[in-house]
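Welcome! Take a look at the sequence and the model, then read on.

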Amino acid sequence: MAAQALALLREVSRLEAPLEELRALQSVLQTVPLSELREQAAELRLGPLFSLLNENHREQTTLCVSILERLLQAVEPVHVARNLRVDLQRGLTHSNDSVKILTLSQVGRIVENSEAVTEILNNAELLKQIVYCIGGDNLSVAKALIVEISSVSPESLNYCTTSGLVTQLLRELTGEDVLVRATCVEMVTSLAYTQHGRQYLSQEGVIDQISNIIVGADSDPFSSFYLPGFVKFFGNLAIMDSPQQICERYPVFVEKVFEMTESQDPTMIGVAVDTIGILGSNVEGKQVLQKTGTRFERLLMKIGYQAKNASTELKIRCLDAISSIFYIPPEQQTDDLLRMTESWFSSLSRDPLELFRGISNQPFPELHCAALKVFTAIANQPWAQKLMYNSPGFVEYVMDRSVEHDKASKDAKYELVKALANSKTVAEIFGNPNYLRLRTYLSEGPYYVKPISTTAVEGAE
């Protein structure tokens, strides 16, 4: 089949108006596995197909786009960057949107590939051309690509800002169109993942502007469209920079997160819970939350309530946030931090261990795994081991392999056993016999099945 496709491709490159051959090639390519095309990648001559895109012929262009989409999947991004530059540059300025989107998706593949992207970054002229070609375009895929290129290095960000593209994106972020605002903040969040991106956003006053928009959100009836994205932006910013500095400089962010947990809207609650999980994922963030005192304890009670009563999706988000908030790496554990997490745990519900055990017994693997993750997060903390040991049947539940039926659940249980077995305090708290059982479980692996012994009975058939 691949040989037939190559023969047709050669035929197309020889003819001036190869409409029949293009139809046949498109049809053949639908049946050729991608693996076969990859084996023939060196033989694929794609230049002629790109040149046929320049003809003023709609069906021909549509066929070529469809064929190129398939064939380019078989070609490595590095090869595309080295050998199809001129074709990509032409494609970016093409009058047909489908050609532009095809080209942009290839530039996207190049930008995401560390080897291929150097081909562009080492060629300032080409990079500039790509940036300016994308610049005249209002396709959202083009904007996303600009952010990707800006994130690669300070130099590439410089090209994108000089071209005015990033400025345009930031204008839309603070503009009147609430739907455009929502998509722009996602892109700006991607830019904030890099240090040079954060520096730029800070210099341009973008972080202050986002903070001001959050302040004004109370009086905006459409704020629910963009507020989740803006709050997520600050959550990510805090964890990449310094939770304490961000929360002290932008108190409205923390205030809004607490406020959103009181909402009747599950979307708002979900975003608030995710953000608390991000913020509490490192020790500095935990200390920021601790400083809010009884407010945070009340918030934990709400998260505990939602973990028990909300929709399955929100329950899982609550459990994930709880895992994140409560985990402390062994080397960072201090008496103060352990006292803090123990106190927090008791705020979640009247009997949190039973709450999570009840959730883990529900017949949904995602919930089961999320509850096991909570146990794993606290498993290396002595106060939690004492709770587990003193909870009737809990140690048996941990050792019981028959509870988990699917791979994800078996893996999650194994992580819990591993966290307990590797803890320095577990032998003393659980006792040596239980400690040895944990070590045995660990050495047998997550999928061990006990052999069933059969005893021969005399006279049995």
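## Salt bridges

Glu313 and Arg317 form a salt bridge, with their closest N and O atoms 3.2 Å apart. A salt bridge here is a side-chain nitrogen of Lys or Arg within 4 Å of a carboxyl oxygen of Asp or Glu. Because they are four residues apart in helix α23 (residues 312-326), Glu313 and Arg317 are separated by about one helical turn. Helices are DSSP runs (H or I, at least four residues), numbered from the N terminus. Glu313 counts as exposed, at 52% relative accessibility; buried means under 20% relative accessible area, exposed over 50%, and partly exposed in between (1.4 Å probe, protein chains only).

The structure holds 21 salt bridges. One of them joins Asp218 and Lys256 (2.7 Å, N to O). This pair links distant parts of the chain, 38 residues apart: Asp218 is in the loop between α16 (206-216) and α17 (223-240), and Lys256 is in helix α19 (residues 251-261). Asp218 is exposed, with a relative accessible area of 57%, whereas Lys256 is buried at 4%. Elsewhere, Glu20, Arg23 and Glu59 are linked in a network of salt bridges.

## About the model

This is a predicted model, in which local features need pLDDT of at least 70 and side-chain atom pairs count only at pLDDT 80 or more, while totals for chains, interfaces and linings use all residues. Residues are numbered from 1 along each chain as its sequence is written, and side-chain values use heavy atoms, leaving out hydrogens and water.

## A look at helix α14

Helix α14 (residues 178-191) has 14 residues and reaches 20 Å from its first C-alpha to its last. That is close to the 20 Å expected at 1.5 Å a residue, where the expected span is 1.5 Å times one less than the number of residues. Its buried residues include Val178, Ala182, Cys184 and Leu191.

Leu179 is also found in helix α14, but Leu179 is exposed, with a relative accessible area of 52%. At the start of the helix, a side-chain oxygen of Asp177 reaches to within 3.1 Å of the backbone nitrogen of Leu179.

## Cysteines without partners

How many disulfides does a search of the whole structure find? The search finds zero, a disulfide being a pair of cysteine sulfur atoms within 2.5 Å. The sulfur of Cys184 is 15 Å from the closest cysteine sulfur, in Cys160, too far for a bond. Cys369 is in no disulfide either, and the nearest cysteine sulfur, that of Cys318, is 17 Å away. Cys184 is buried at 1% relative accessibility, and Cys369 is buried with a relative accessible area of 15%.

Notes:
Helices (H or I, at least four residues) and strands (E, at least two) are DSSP runs, numbered from the N terminus. A polar contact is a pair of N or O atoms within 3.5 Å; within protein, one must be able to donate a hydrogen and the other to accept it, and residues adjacent in sequence count only if both atoms are side-chain atoms.
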